Amino acid sequence: MASQSDFTADTSYDSYWSLIKKFFWAYLHPKKLMFFLVQFAHIIVAVLTLIPPLIIREIIDEAIPRGIMEQIIFLVLLALGVYALEAGIRGFKAYYGHVVAQEITRDMRNDLYSHYQRLNLGFHDNKKTGELMSRVVDDLNRMQEFVHHGPEALVGSLALLVGTVGVMFFLSVRLTLVSLIFVPVLLIFSRFMLKKMHMAFRETRERKAIMHDRLEDNLAGIQIIKAFANEEEEYDRFAFTNEKHKEARFKAIKYMSLLFPGSRFMNSFGILTVLSYGGYMVVLGEITVGTIVAFYGFLTQFRVPLLQLVHMTEGLSRFFASAERFFHHLEIEPGIKERKGSYGNPVQGEVEFREVNFSYNAGEKVLKGINFHVGKKESVALVGPSGAGKTSIIRLIPRLYEVNSGQVLVDGIDVRDWKVKDLRSSMAMVMQDDYLFSDSVAENIAYGRPDASREEIIEAARAANAHQFILELPQGYETPVGQRGLKLSGGQRQRVSLARAFLKDPSILILDEATSAVDIQTEKLIQEAIARITADRTTFIIAHRLSTIRNADEILFIDDGLVKERGTHEELMNREGDYSRYYQLQFAREQTVS
């Protein structure tokens with residue numbers, strides 16, 4: 001299996017056959033009975049399609065000249081029965097063909113989504129959200145279409161073409177050879193036009209992706225756009241990408257407009273050949289008028305399966321490309337794995353770092369031999385300049401990333417020996433810009449405990465000083481917070497996040513800049529909430545405000561990936577070292593104001 005670090009888009013399978021086998025055994029095999037029944041239905045429909053022209057031939061050559069009304073009625077009813085049976089089977093294969101394709105796509109989509117959830121943050125750091133969404137949605141949609149329409153084109157169209165040519169040769173070898181002279185020209189024309197059309201569609205998809213990225217960027221940054229009065233500039237940029245998308249789309253439309261009328265025109269040569277040369281053969285008495293009519297019927301339906309087969313080759317290439325990307329992503333090994341017999345008892349809250357080294361990318365060491373110990377229910381504050389490694393330290397505690405060397409221990413047990421779910425279920429994080437889902441306030445608070453009662457949700461909100469402002473919202477606790485919680489202010493979002501953490505009742509609480517970017521009054525409310533929430537649990541605090549950290553049991557001054565100093569606020573100030581100088585720069589004004 002491919003690892004997260006060595007995966008590249010250039011990786012390819014030895015053969016398409018191996019990819020087909022992988023797809024079949026993984027996803028098609030469980031649905032094989034219905035899948036092959038649908039393929040059999042394609043063949044039955046092809047056979048039934050061949051019968052009506054032969055019945056019409058019989059009516060024209062036998063029933064009408066003899067003037068036997070009973071025979072005419074019988075043949076008409078027989079044709080009607082064939083059409084009805086064909087329609088019924090077509091409905092069956094269309095419905096169940098799509099059912100099989102939808103179920104396979106559902107299974108693949110669930111597997112890929114679940115796999116993305118298991119991959120660690122290192123994978124997601126290096127991938128754009130739009131790219132992953134494209135794998136889950138667009139690639140699998142294309143595969144879904146081919147799973148149904150690909151076999152239909154191959155089995156149904158091939159059966160119809162072979163059957164049609166076979167019957168035509170049975171009726172008249174000479175007329176068949178003459179009437180099919182146009183087929184090579186039609187194939188060459190169709191192949192050329194389809195290739196051009198698909199190149200245009202590929203460009204359209206690329207332009208669409210660029211337009212999507214531009215639109216997503218603009219809508220997400222609408223506040224900045226307005227603040228800088230750049231509406232016109234952004235409109236021009238979007239209009240440019242939109243124009244390029246339109247031009248690419250016009251190319252595809254142009255080729256489509258040539259392909260279908262052009263193929264129909266070429267097919268008309270065969271039909272005219274049948275009418276002219278066939279008419280000549282009728283005059284000579286070599287074939288009947290009914291045979292010409294039958295040939296006409298066969299040739300009018302000949303073009304569609306032929307185009308489907310040509311079109312299928314393009315669909316097959318898109319299927320292979322999408323399937324290859326799907327399986328490559330599915331084969332990326334999660335960076336975080338549970339060891340056999342992992343520990344799963346409730347977390348008590350003791351945390352220790354032993355000679356921990358860590359880097360996000362090779363050659364860029366972020367943490368360098370970190371050592372410290374935090375006892376159960378103690379609080380520790382991490383202080384230092386931006387980029388020093390503070391956030392990296394707290395990310396290692398719930399094992400969001402893996403250490404390069406050394407150990408992170410929880411309750412004396414290496415985090416790699418814990419069951420990941422049990423480890424993380426005992427922790428809660430409140431970040432500087434914590435993510436809220438576009439659900440109601442109540443659902444966001446209960447995210448860590450979906451089974452929580454309304455009373456428990458309200459109690460958590462009270463503890464986080466959020467209950468009062470929630471009651472003032474239009475729908476109270478049922479008010480949707482909007483995308484990323486944008487309907488709430490920064491301080492309101494922070495308090496909802498604190499309520500979420502309180503309701504989860506974690507053994508270890510991590511606060512990363514939980515009081516930044518809020519006004520003094522809101523900060524006071526948040527500080528009161530933090531005091532309640534941090535009581536009787538191990539707490540890690542990252543902050544740039546003195547009021548948040550000075551009551552911590554211990555302060556770690558982090559700089560350049562190292563623990564430069566440690567101690568209480570008073571001890572570190574008396575030492576007059578790095579922390580004291582940092583405090584003078586960062587906190588002196590705050591202390592004066594307070």
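## The β1–β2 hairpin

In the hairpin of β1 and β2, 5 residues lie between the strands, and one of the residues of this hairpin, Gly363, takes a positive phi near 85 degrees. The model is a predicted one. Strand β1 covers residues 351-359, and β2 covers residues 365-374. The two strands pair in the antiparallel sense, over 6 bridges.

Val351 has Val410 as its bridge partner in β4. Strands of a sheet pair through backbone hydrogen bonds, in either the parallel or the antiparallel sense.

## The six-stranded sheet

An open sheet of 6 strands is found with the order β6-β7-β8-β3-β9-β10, and its pairing is mixed. Its edge strands are β6 (427-430) and β10 (562-567), each of which pairs on one side only. On average, neighbouring strands of this sheet are turned by 15 degrees against each other, with direction ignored.

Within this order, β7 (residues 508-512) and β8 (residues 538-542) pair in the parallel sense over 5 bridges. Asp512 stands opposite Ile542 in β8. Helix α17 (residues 490-504) lies across β6 and β7 and runs at about 175 degrees to β6.

## Positive phi outside glycine

Asp505 is not a glycine, yet it has a positive phi of about 55 degrees. Asp505 sits in the loop between α17 and β7. With a relative accessibility of 54%, Asp505 counts as exposed, because the cut-off for that class is over 50%.

Asn465 likewise has a positive phi, of about 55 degrees, without being a glycine. Asn465 is found in the loop between α15 (454-463) and α16 (467-471).

## Salt bridges

A search of the whole structure gives 24 salt bridges. One of them joins the side chains of Lys22 and Glu331, at 3.3 Å from N to O. This pair links distant parts of the chain: Lys22 belongs to helix α1 (residues 16-28), Glu331 lies in the loop between α11 (303-330) and β1, and the two are 309 residues apart. Lys22 has 29% relative accessibility and so counts as partly exposed.

The side chains of Glu243 and Lys246 also meet in a salt bridge, at 2.8 Å from N to O. Both residues lie in helix α9 (residues 231-284), 3 residues apart, which is about one turn of the helix. Glu243 is partly exposed, with a relative accessible area of 35%, and Lys246 is partly exposed with 33%. Arg106 forms a salt bridge with Asp107, and the closest N and O atoms of this pair are 3.0 Å apart. Arg106, Asp107 and Lys31 are linked in a network of salt bridges. Arg106 has a relative accessible area of 43% and is therefore partly exposed.

## Nonpolar surface patch

Ile56, Tyr83, Val289 and Val293 make a nonpolar surface patch of about 310 Å². Ile56 lies in helix α2 (residues 32-66). The relative accessible area of Ile56 is 34%, so this residue is partly exposed. The value is also above the cut-off for patch members, because patches are made of residues with over 30% relative accessible area and no salt bridge.

Lys21 lies in helix α1. At 39% relative accessibility, Lys21 counts as partly exposed. The C-alpha atoms of Lys21 and Glu459 are separated by 55 Å, and these residues are 438 residues apart along the chain.

How values were computed:
Residues numbered from 1 in each chain as written. Predicted model: local features only at pLDDT ≥ 70, side-chain atom pairs only at ≥ 80, totals over all residues. Heavy atoms only, no water. Patch = residues over 30% accessible without salt bridge, like charges linked within 9 Å, V, L, I, M, F, W, Y side chains within 5 Å. Areas by Shrake-Rupley, 256 points an atom, 1.4 Å probe, with all protein chains shown as cover. Salt bridge = Lys/Arg side-chain N within 4 Å of Asp/Glu carboxyl O. Helix = DSSP H or I, 4+ residues; strand = E, 2+ residues; numbered from the N terminus. Buried < 20%, exposed > 50% of the residue type's maximum accessible area, 1.4 Å probe, protein only. Pairing = 2+ DSSP bridges. Axes fitted to C-alpha atoms, helices over the stretch in contact; angles between N-to-C directions. Contact = heavy atoms within 4.5 Å.
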